[in-house]
Each structure stands twice: as structure tokens, then as C-alpha cells.
Amino acid sequence: MPVDVPISGLQARAYIIPTDEPESDGTLQWDSTTLIVATAQAGGQTGLGWTYGHAALAQVIDTDLAEAITGLSATDVPMAATAMAAALRNSGRPGMGSMAIAAVDIALWDLKAKLLSVPLAELLGRVHTRVPAYGSGGFTSYSDRRLRDQLSGWAAQGFGMVKLKIGREPSRDPQRLAIARDAVGPDVRLFADANGAFHPAEAIAMSRELADAGVVWFEEPVSSDDLEGLHEVRSAAPAGMAVAAGEYGDELFYFRRMLDAQAVDVLQADVTRCAGITQLQRIDALCRARSRPLSLHCSPTIHANVAVALETVVHIEYFHDHASIEHKLFEGAATATDGLLYPNLDMPGHGAVFRWSDAEPYAR
């Protein structure tokens, strides 16, 4: 078993992939997604990681982070994570810096698992065999027909939970909620995500409309940075409705402040934003200490292989854009079976292989 295998190289590339049609939520519109792919080498093996963010992240990885970790042991991933955080202290550790670290941290865990010839889930140590997923999309830009088709398609595939976006045109939301409920039937749990579109009073009023439509999950009713507002909405929301936030979290203190404020019923985290697997394990421990469940945001292929090692995880977001990209550009992309995501246990690492030639037309 390798003990001290030095990291010999680190590289990154950016790819801009168009969405299948223009999309929007309560506060943003977009027509493409930028994928940052990182590769790390040691001992004749290559680890693969990725994040979704600005193309400039590739330069941060190629320069600051490569300098920080080259020569360190590939089996001491937390040491590399600490070195990367220190390297970005003055240039900006939170936000984009955290996303760059995440891509590399994921690549290093994949690399370590390959060096040890074990699947990533076994290296991390499983507490679950699989994790439920919820279908996520339902963009505010969708026509009523596209909304119905997408949500009913997920229900037909066995998803027990689906989510739609709300808040761009609140006057349209009751009709869209009715379409969503009719599309999935009475037994599928319905989630709604406002992406911070409301002020607290508006969100409280909306929570009652959501409850009338049978919605049990209200995500980011106000900005995730408005902890007092989240607490206010959570305190006034109808019984049985979970208030969730945290997907933009980039360091442990962010999540601790959110839990200290009693701002959420369910904490969210994203392995591609929160500085990677190393940090996500700490967030899981924080949730365990505060008796709060954890939901994982987007990036289903990575999360399928990591979530099984997190004690407090309750589900993973099977986000339309990321699932589409991962199936387009990765061998071994995660596919839900009856609404469940399973880790890849058939090969060392997380099992995903990037199709470089297929991605080349999208290279930045």
C-alpha cells in the first residue's frame, strides 16, 4: 500500500456547455453552464475532480493551487486541503476560491482511492448503501407543457420527490404549482425553490400558498445570507414544511452561523462549492452535533459516491443541468434507480471518466 506518493502534477480546463433552452429561477437567468475539470497525478495514477463556476477557476488551479500541493503526499488529502486554503488566504479563500479548492480536493480523493485500488465510497467508509434523490428543474422559464413533461417524467422514473423553481412571477406560481401537483400525482413529495426571491413577509405569505398545494420543502425563501429572515420564515411556516438553505456555503463557519441562527430545518451543502469532500465530512459532523439533516445540492455523480459516507444526509438533488452535462461528458455518470442514487463500487475512485474528445467543442 502506498504511504508517501508525491503529487506530481495538477491541471484544469474550463468548458462552457449550452443549456437545452434558456433557463431562469426566481433571481437569475442563464443559457449555459461552465464546467471546470481538474486532474491530479501521482504514482502513475490520475485523479479527476470538477466544479461548476467561472472559467477563471481553471487559472487559479493551474497556478496557486498547483504550486501549493505539488510534492505533497497524495494520500494525505487533508494536508493538501489545508495548504490550498492557506495559498488563497490573501487572494480570496471564500466563494470562487472555495470552488477551485473543491475541484482539486475531489480529484485528490479520487486519486487516493485509485492509488489504494478501492472505490471512493469504501475509502470514505459507508453508513448508507444508497441515498434518495429528488428530480430538480422546473425552471420559471419553462412553458406549462415543459414543466408538466419534466416533472411527470421524473415521477414515472420512480422519483418520490421533485422540485420546481418559483418567485420570478409570483402571480403565475399558483397555476404552476397546480400543474406540478397534477403532473406528479398525490404521492410524490413536492419541493419549491425561490432562490432568495422574496422578503420575509412575502415568503411567509407564499409559504401558505405552497402548503395549500401540498409543498413540503421551501428552499431559500429569502437570501441565504439573511439568517434572521430565514429564521423568521421558518418560525412562521406551516407545520410540516421544511425551510432549507446553505447551497452557497463555502467554509465551515458559514454553516455553523446558519445553524446557530436556527435558520433552517434542513442544511444544504454542495461538494463542488464547500471546498470539497474534506470539508463536506466536517459539515456532516456539524449537522450531527446540531441534530440537523443534510441535503446535498446538485452534482449528482460526485454526491452519489460521497453521500453514502455521510451520516446525516437525507437526499441528493438530481439537478437537470448537471445531470445532463454529466451524462453527456462522463462515463459512469450517476443515474437514479427508482429515485435512489448508488455509489460506483465497480472500480477504484468515484468511477467517473471524462470524455475529453467529446468535451473539446466546449473548451474555453
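In the second largest pocket, the lining divides into 6 nonpolar, 3 polar and 4 charged residues. Nonpolar here is Ala, Val, Leu, Ile, Met, Phe, Trp, Tyr, Cys and Pro; charged is Asp, Glu, Lys and Arg; the others, Gly among them, are polar. A pocket is an open set of points on a 1 Å grid where a 1.4 Å probe fits, with protein on both sides within 12 Å along at least five of seven lines; lining residues have an atom within 4 Å of a point.

This is a predicted model: local features need pLDDT of at least 70, side-chain atom pairs 80 or more, while totals for chains, interfaces and linings use all residues. Numbering runs from 1 along each chain as its sequence is written, and side-chain values use heavy atoms, without hydrogens or water.

Of the 13 residues lining that second pocket, Ala81, Ala85, Arg93, Gln279 and Arg282 are nearest its centre. The largest pocket is lined by 8 nonpolar, 9 polar and 7 charged residues.

Now the salt bridges, 21 by count (a Lys or Arg side-chain nitrogen within 4 Å of an Asp or Glu carboxyl oxygen). Glutamate 360 pairs with arginine 13 at 3.2 Å, N to O. Glutamate 360 has 43% relative accessibility, so it counts as partly exposed (buried is under 20%, exposed over 50%, partly exposed in between, 1.4 Å probe, protein chains only). Arginine 13, at 34%, is also partly exposed.

Is the pair glutamate 247 and arginine 273 buried or exposed? Both are buried, and their closest N and O atoms are 3.7 Å apart.

Aspartate 358 meets arginine 355 at 2.8 Å, N to O; aspartate 358 is partly exposed, at 39%. Finally, shared partners join Lys163, Lys165, Asp193, Glu219 and Glu317 into one salt-bridge network.
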